[in-house]
Amino acid sequence: MKIVIAPDSFKESLSAPDVAAAIGRGWTSVHPAAQVLLRPMADGGEGTVDAVLAATGGERRTAIVRGPLGDGVEAHWGWLGEGGAIIEMAAASGLHRVPQAERDATRTCSFGTGELIREALDAGATRITLGLGGSATNDGGAGLLRALGLRLLDADGEELAPGGAALAGLACIDRSGIDPRLAGVAFDVAADVDNPLCGPRGASHVFGPQKGASPAQVEALDAALQRYADVVAAELGEDHSRQPGVGAAGGLGFAARAFLGARFRPGIELVAELAGLAEAVVGADLVITGEGRLDAQSLHGKTPVGVARIARAAGVPVIALAGSLGEGYPRLREAGIEAAFSLVPGPMTLDRAMAVAAGELEARSADIARLWALAARSQAPG
């Protein structure tokens, strides 16, 4: 018997590796001889590095870099060997780095993410996967570019202040100091949004409010990013600002496409590729996936649906476990998820449910394993 366990994290409760381990314990408690392959998943946001490292045996590395407000923070990234590296921008520039009362999208900066890229370059990276999501920034990736040697200048030739609002004063760009090693690096961006940089669906309008931007600041930030886009287009001879996904992570996607030549791909697709999920499911009897909540909205790019797509191509059935099941979750069968189960055994608070998630995952996995055994016996001849 071969079982592949490929869940996402349960946000604010368990990491994807912890979820996978709990499900694995439940299954092997019933079927100790089963071949159980753990392939924790992620969608490019927070937790992506840990999921990939757990699945690949890569090396977790840390560095002190600038946080979104310029203070020093310890951020991690992953070394995959043979020139491969994985970075999640949330590690250095994530919203969780900024206390609620201090959130200010006009001045938060992505410089620390650029410093992580420098760390990967120093290690000899020639392939870098950059996960976008969970950002505190709205600076169009300007901070990242500065960390890599780009200069953003005002009309007097002075360096702009950090943050998205300062981009309103951008007059020209100096590329002469950009790190020459970037020319030899292939960048993949894991992003699950298709927003452009500016306008009603752009970074500022859609994501700015959750980062502390008032309605007036949203308008000012959008105008500043438009100025930035115009100057970049004049410098590069091409306007990237309307490309799908460049509005991801406060516009960091724009910097990645325009200056790093990044290729954009769905986050789950990239993580699954790095983790070797397609190879793992070949010959499997069952795939178990899951995340904190499953409902009809999960059909739109969520990790369990991405896992189910890969399993379906190999002809392997999929079962999902979730902290809760929301409206329309039976529609997940359209994506190849044959059945879904909630962890919550009865009425309880959210805090309690999060606290007992590991134990409930293990118990529910064991229940499914017993049902699997019963089904196998019922189909046996005689």
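Asp194 is partly exposed, with a relative accessible area of 46%; partly exposed lies between buried (under 20% relative accessible area) and exposed (over 50%), with a 1.4 Å probe and protein chains only. This is a predicted model, in which local features need pLDDT of at least 70, side-chain atom pairs count only at pLDDT 80 or more, and totals for chains, interfaces and linings use all residues. Residues are numbered from 1 along each chain as its sequence is written, and side-chain values use heavy atoms, with hydrogens and water left out.

**Domains**

- The chain is divided into domain 1 (48-267) and domain 2 (285-379), with bounds that come from an automatic or database domain assignment.
- Taken over C-alpha atoms, the centres of domain 1 and domain 2 are 34 Å apart.

**Salt bridges**

- The model has 20 salt bridges, each defined as a side-chain nitrogen of Lys or Arg within 4 Å of a carboxyl oxygen of Asp or Glu.
- Asp194 forms a salt bridge with Arg201 at 2.6 Å, N to O, and Arg201 is partly exposed at 42% relative accessibility.
- Salt bridges with shared partners link Arg146, Arg151, Glu159 and Asp174 into one network.
- Arg151 is in strand E7 (residues 151-153) and Asp174 in strand E8 (residues 172-174), so their pairing ties together parts 23 residues apart in sequence.
- Arg151 is partly exposed, at a relative accessible area of 33%.
- Arg25 and Glu362 are joined through their side chains by a salt bridge of 3.1 Å, N to O.
- Because Arg25 belongs to helix H1 (residues 16-30) and Glu362 to helix H13 (residues 357-379), this pair ties together parts 337 residues apart in sequence.
- Arg25 is partly exposed at 40% relative accessibility, and Glu362 is partly exposed at 29%.

**Helix H13**

- Helices (H or I, at least four residues) and strands (E, at least two) are DSSP runs, numbered from the N terminus.
- H13 has 23 residues and spans 33 Å from its first C-alpha to its last, close to the 33 Å expected at 1.5 Å a residue; the expected span is 1.5 Å times one less than the number of residues.
- Buried residues of H13 include Ala357, Glu360, Leu361, Arg364 and Ile368.
- The buried residues of H13 pack against H1, strand E12 (318-325), strand E13 (337-342) and helix H12 (350-355), where contact means heavy atoms within 4.5 Å.

**Asp222, a buried charge**

- Asp222 sits in helix H7 (residues 215-236).
- Asp222 is buried yet has no salt bridge, and the nearest side chain of opposite charge, Arg242, is 11 Å away; Lys and Arg count as positive and Asp and Glu as negative, while His and the chain ends are not counted.
- The side chain of Asp222 reaches the backbone nitrogen of Gly199 at 2.9 Å.
- Leaving out residues up to four places away in sequence, Asp222 touches Cys198, Gly199, Ser204 and His205.

- Most residues other than glycine have a negative phi.
- Glu82 is not a glycine but has a positive phi of about 55°.
- Glu82 lies in the loop between strand E4 (72-81) and strand E5 (84-88), and is exposed, with a relative accessible area of 79%.
- Ala249 is not a glycine either, and has a positive phi of about 55°.
- Ala249 is placed in helix H8 (residues 248-260) and is buried, with a relative accessible area of 9%.

Note on methods:
Polar contact = N/O pair within 3.5 Å; in protein donor to acceptor, adjacent residues only side chain to side chain.
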